[in-house]
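Subject: Structure handover and notes

Dear colleague,

I am passing on the structure we spoke about, and below it you will find my notes on what was found. Please read them alongside the coordinates.

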Amino acid sequence: MNKPVEPTLATSFALRANGRDVALSVPPAKRLTDVLRDDLGLTGTKVGCAAGDCGACTVLLDGEQVCACLVPVGQCEGAAITTVEGLGEASRLSDLQRSFLAHGAAQCGICTPGMLMAAADTLRRHPRPTEQQVADGLGGVLCRCTGYRKIVEAVLAAAGEPTANVAEPATGAAVGSRLARLDVAEKLDGRARYGADEALADALWLRVIRSPYPAARFEFGDLDAFVARHGLADVLTAADIPFNRFAIFPDLRDQPALAEGRVRFRGEAVLVLVGARERLEAIEEAEVPVRWQPQHAVLTPEEALAPGAPVLHERWPDNVLCRGRVVRGDVEAALARAAVRVEARMTTSYVEHAYIEPEAGYAAWSRADGVERVTVFACTQTPYMDRDELASMFRLDPRQVRIVPSAVGGGFGGKLDISIQPLLVAAARKFGRPARIVYTRPESMVSTTKRHPAQMRAVLAADADG
C-alpha cells in the first residue's frame with residue numbers, strides 16, 4: 001500500500017461543501033479526497049492515483065482548482081469546497097455541464113468531474129478564454145479516452161452562448177443526427193457509480209501481498225500469530241479457492257488467483273490480508289511472514305525456448321502455448337525467384353493501458369430459497385466472462401453468480417481479464433461478510449495484464465513488375 005497511515009487524533013473542523021455548512025471531527029492530516037468521499041458521501045470526486053498526477057480528484061477550494069488528494073483537510077478550516085455535485089442546480093445541469101454533454105466531451109467519465117472543476121476555474125479566470133488558455137487551465141487533469149479536442153471545444157463553447165440540450169431527432173431523421181449518450185448525464189453530475197464508489201457498510205477490506213520477484217518459490221511462516229498480532233480477521237491463501245485457475249479462454253485455464261508456492265511474475269498475488277482498513281494500511285510489508293527463494297527468471301522468448309529452460313507452466317513443457325502455420329503454394333520457390341526481397345525483424349514493448357480508474361469493487365454472498373448466490377460489483381469489461389470464470393473457480397452453477405458492472409473508468413482491454421473478482425468472492429465466502437478492495441495505482445500497474453511484447457519476423461517479396 002502506498003497510502004500513509006493517518007494520525008488517529010481527531011480534530012473538529014468547519015467548512016462549507018457545495019454551499020452547505022459542514023462540521024467534521026477527523027484527523028487534520030486526512031486527505032480531502034477521503035473526507036469528501038468517505039465522510040460526506042461526495043463520491044463524484046474520483047481518485048485515480050492519490051499522488052497529484054492524474055487530476056481526477058480536482059475540486060475548487062475557495063474557487064481555485066486543487067488536487068484534493070494532496071490537500072490535508074486541516075488546511076480547509078472555514079474554506080468553501082465545490083465538487084462536481086455542486087456545479088448544477090437541483091436536477092438541472094449547469095451551462096458548462098450541458099456543453100460537455102452536447103460536445104461529447106465525456107466518455108468513460110472517470111476524469112470528467114475533475115475536468116469540469118478545472119474548466120470552471122478556467123472560465124472564472126478567463127471569461128472569454130483562448131484555446132491556449134483552456135488547454136493550460138485543464139493541463140492538470142489527464143484523460144485517456146477523448147484526445148481532449150471535444151473537451152476543449154466544450155469549454156470554449158460554454159464561454160459563449162448557453163448550449164441548448166441535444167434534441168431527439170424526428171422520426172426518420174436519426175441517421176447523421178447528434179444524439180445524447182444515455183449514460184452521460186450521471187457522469188457529469190457525479191451520480192455515476194464506479195468500482196470504488198459503492199460497498200456495503202459492514203464490508204471487510206482486503207490488501208494483497210505480492211511477489212517482489214519475477215520468479216521465486218515461497219512459503220509462509222506463522223500466519224496465525226501474524227493475524228493475532230495485527231488484529232486482522234484472517235488471511236486468504238490459494239487453499240481458499242476451490243479451483244484456483246482462470247483464463248480468458250475456458251480450455252486454457254492455468255493462471256492462479258493466488259500463487260501456490262511459486263510465482264511467475266513480479267507483482268503476482270500470494271496472500272490476502274483481511275480486516276479493517278486502518279489496520280491493513282498500518283502493516284509494513286516486511287512484517288508479513290513470507291519466505292522467498294528467488295529463482296532464475298525467464299524474460300524473453302529466446303530464453304524460454306532454449307534447451308534446459310525452466311518450465312513456466314507444466315501443461316506446456318516446451319514453453320510454447322500454441323503453434324500454427326498457414327501456407328499456400330511453394331513459398332520458398334516464390335521467394336527464390338523474387339527480384340526484390342525485404343526482411344524485417346520487429347520488437348514491441350509492454351504497453352500499460354493506464355486507465356485512470358484503478359480496479360475496485362465488492363462481493364457479498366446471500367441465500368434465498370435454499371440456494372447460495374454471490375453478487376460481485378466491480379469495474380469490468382466482460383461481466384459474462386467474469387460470471388463463468390467465478391462459477392468455475394468456486395464450483396458454482398453460473399446462475400449462482402451475479403455480476404453487477406460498475407461504470408468503468410477506462411479499460412482499453414485491460415479490464416477484460418479477471419483481477420480482483422476471485423479475491424473478493426473468496427473473502428466474502430470465507431468470512432460470511434461482504435468484502436471490498438480498491439487497488440492503489442502502483443498495484444494496478446504492477447499486477448494487471450498488459451498488451452504483451454512481441455518479437456516478429458516478416459519477409460516480403462515481389463517480382464520485377466512489383
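Predicted model: local features only at pLDDT ≥ 70, side-chain atom pairs only at ≥ 80, totals over all residues.

Ala216 belongs to strand β7, which covers residues 216-220 and pairs with β9 in the antiparallel sense over 2 bridges. These two belong to an open sheet of 3 strands, with the order β9-β7-β11 and antiparallel pairing. Because β9 (262-263) and β11 (290-294) each have a single partner strand, they stand at the edges, and one side of each is left without a neighbour in the sheet.

On aromatic contacts, a search of the whole structure gives 4 aromatic pairs, and ring pairs join Tyr213, Phe218, Phe220 and Trp292 into a cluster.

With strand β4 (residues 64-67), β3 pairs in the antiparallel sense over 4 bridges, and Thr58 has Cys67 in β4 as its bridge partner. The hairpin formed by β3 and β4 has 2 residues between the strands, and Asp62 in that hairpin takes a positive phi near 50°. β3 is also joined by 2 bridges to strand β5 (residues 80-82), with the two running antiparallel, and here Leu61 stands opposite Ile81.

Helices and what covers them

How many of the 8 residues of helix α2 are buried? In α2 (residues 95-102) the number is 7 of the 8, so the helix is largely enclosed by the rest of the structure. The buried residues are Leu96, Gln97, Arg98, Ser99, Phe100, Leu101 and Ala102, and what covers them includes α3 (112-125), α5 (149-158) and α6 (184-189). Just after α2, Gly104 takes a positive phi of about 65°.

Within helix α3 we find Thr122, which counts as buried because its relative accessible area is 1%, where the cut-off is under 20%. Once its neighbours within four places in sequence are left aside, Thr122 is in contact with Gln65, Gln133, Val134, Gly137 and Leu138.

In helix α11 (residues 383-393), the residues that are buried are Asp386, Glu389, Leu390, Ala391, Ser392 and Met393. Their cover includes β14 (371-378), β15 (401-405) and α12 (421-431), and just after the helix Arg395 takes a positive phi of about 55°.

Charges over rings

Two arginines may interest you if you plan to look at how charges and rings are placed in the model. The charged end of Arg144 sits over the ring of Phe412, at 4.8 Å from its centre, while Arg277 lies over the face of Trp205, at 4.4 Å from the ring centre.

The second largest pocket

Two or more residues of the lining come from each of α1 (32-39), α8 (277-282) and β16 (435-438), and α1 gives the most, with 4 residues.

From C-alpha to C-alpha, Gln455 and Thr300 are 9.3 Å apart in space, although 155 residues apart in sequence. Not counting residues up to four places away in sequence, Gln455 touches Pro301, Glu302, Met346 and Thr347.

With best wishes

Key. Residues numbered from 1 in each chain as written. Heavy atoms only, no water. Buried < 20%, exposed > 50% of the residue type's maximum accessible area, 1.4 Å probe, protein only. Contact = heavy atoms within 4.5 Å. Pairing = 2+ DSSP bridges. Phe/Tyr/Trp six-rings, centres within 6.5 Å; stacked < 30°, edge-to-face > 60°. Lys NZ or Arg CZ within 6 Å of the ring centre and 35° of its normal.
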